Amino acid sequence: FNASVVDMYVSNGRVIIIMVLHSSENGLYQSKTKAEVYDISNPLSPVFVNSFAQSGYHISTRLYDGILYMMSNQTFYEKPQKNDVLTYAPTLYIDDKKCPVEEGNLCIFDGEVDRQYLTISSLDIKSGKKIDTKAVVGGGDTIYASTTSIYAAAADCTVSYEENSRIIEKYTDTTRLVRFDISKGKITAAAEGSVRGTLLNQFSMDENGGYFRIATTMLLECK
């Protein structure tokens, strides 16, 4: 794996380094997102505490109240194998051991979605241990977080298929949304929905007075 640092936090005597590790096996590009926690009580002599990683490319991280939230997105290109859960579920790397996200922590909503997973894990920065993980089918590419919720947005993409020897393109100008409740590191998939239009970036979303607000851009058909 080749590593690149994408985020870093310093909080409560800890430094947390977030990195993305890349590799290529059998012509397939793979990546995982890793957090390493160090004790810097003595800044002149940092001490390694623990590490945790999950499959997928880094999307975003948040640190709140001593808990790190990691978000990564993974696309499955190969055909799933019935007897190999790692071919259709995200992978966690705990104490250098590989294990799949448990079935009870996989979230699947109605509708047609891409072969992707957005994985969200929480990490206690004092111990460096994982608290919880949830993964939602369909992925996500834009994150907004408040002190109580994490919102994941994903733009619906163009779908091409062949019909009577003709290539048909279908485009849905919508953004899918999933809201996760976060409470002391416990992650719960609380709601899902969609809105018309596409997002510019994470600053197109916010939460105020118990309401979620979102600004999107829609394509208009000119006749």
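**Exercise 1. State what share of the contacts between residues at least 6 apart in sequence joins residues at least 24 apart.**

Step 1. Contact means heavy atoms within 4.5 Å.
Step 2. Among contacts between residues at least 6 apart in sequence, 47% join residues at least 24 apart.
Step 3. This is a predicted model, in which local features need pLDDT of at least 70, side-chain atom pairs count only at pLDDT 80 or more, and totals for chains, interfaces and linings use all residues. Residues are numbered from 1 along each chain as its sequence is written, and side-chain values use heavy atoms, with hydrogens and water left out.

**Exercise 2. Determine how many helices and strands the protein has, and what percentage of its residues is buried.**

Step 1. Helices (H or I, at least four residues) and strands (E, at least two) are DSSP runs, numbered from the N terminus.
Step 2. The protein has 0 helices and 19 strands.
Step 3. Buried means under 20% relative accessible area, with a 1.4 Å probe and protein chains only. Of the 223 residues, 41% are buried.

**Exercise 3. Describe the largest nonpolar core and the contacts of Leu123.**

Step 1. A nonpolar core is a set of buried Ala, Val, Leu, Ile, Met, Phe, Trp, Tyr and Cys residues joined through side-chain atoms within 4.5 Å.
Step 2. The largest such core has 18 residues; Ile16, Ile18, Ala35, Leu68, Leu106, Tyr117 and Leu123 touch the most other members.
Step 3. At least two core residues come from each of β2 (14-25), β3 (28-39), β6 (67-75), β10 (116-124) and β11 (129-137).
Step 4. Beyond its neighbours within four places in sequence, Leu123 contacts residues including Ala35, Val37, Phe52, Leu68 and Ile131.
Step 5. Leu118, Ile120, Phe180 and Ile182 are among the 14 residues of a second, separate core.

**Exercise 4. Identify the pairing of β16 with β13 and with β17.**

Step 1. Two strands pair if DSSP finds at least two bridges between them.
Step 2. β16 (residues 174-183) has 7 of its 10 residues buried.
Step 3. β13 (residues 149-155) pairs with β16 in the antiparallel sense over 7 bridges, and Ala152 stands opposite Val178.
Step 4. β16 also pairs antiparallel with β17 (residues 186-196), over 10 bridges; here Phe180 is opposite Ala189.
Step 5. The hairpin of β16 and β17 has 2 residues between the strands, and Lys184 takes a positive phi near 55 degrees.

**Exercise 5. Give the strand order of the open sheet of 5 strands and name its edges.**

Step 1. The order is β5-β6-β10-β11-β9, with mixed pairing.
Step 2. β5 (57-64) and β9 (106-107) are the edge strands, each pairing on one side only.
Step 3. β9 and β11 run parallel, joined by 2 bridges, and Cys107 stands opposite Val136 in β11.

Key. Buried means under 20% relative accessible area, exposed over 50%, partly exposed in between (1.4 Å probe, protein chains only).
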